[in-house]
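Please open the structure in a viewer and keep the selection tool at hand. The stops below follow one after another.

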Amino acid sequence: MEFKEIYCNNCKKTLGRYNTQYFSDAKIAELIKSNHTVHYRSGHQLSIRKITK
């Protein structure tokens with residue numbers, strides 16, 4: 001299974017892990033805008049990583 005993980009480089013923790021089968025890049029971008037705005041607005045560096053298990 002493939003997952004995309006939203007990771008905060010400043011906090012050094014995973015904010016969320018989403019299955020690529022159900023969540024497209026556009027849906028993940030919407031999740032960042034709606035759920036993780038506190039990190040983004042405070043200047044944290046968010047990255048999206050692809051994980052295969």
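In which sense do strand 1 and strand 2 pair, and over how many bridges? Select residues 2-8, which are strand 1; its pairing with strand 2 is antiparallel and extends over six bridges. Strands are DSSP runs of E with at least two residues, helices are runs of H or I with at least four, and both are numbered from the N terminus; two strands pair if DSSP finds at least two bridges between them.

This is a predicted model, in which local features need pLDDT of at least 70 and side-chain atom pairs count only at pLDDT 80 or more, while totals for chains, interfaces and linings use all residues. Residues are numbered from 1 along each chain as its sequence is written, and side-chain values use heavy atoms, leaving out hydrogens and water.

Next, select Ile6, which stands opposite Gly16 in strand 2.

Now display the whole sheet: three strands in the order 2-1-3, open and antiparallel. Strand 2 (13-19) and strand 3 (46-52) each have a single partner strand, so one side of each lacks a neighbour in the sheet.

Proceed to helix 1, residues 25-35, and select its buried residues, Ile28, Leu31 and Ile32 (buried means under 20% relative accessible area, exposed over 50%, partly exposed in between, with a 1.4 Å probe and protein chains only). They lie on the same side of helix 1, because they cover an arc of only 100 degrees around the axis (the arc of the directions from the helix axis to the C-beta atoms). Glu30 and Lys33, on the other side of helix 1, are exposed.
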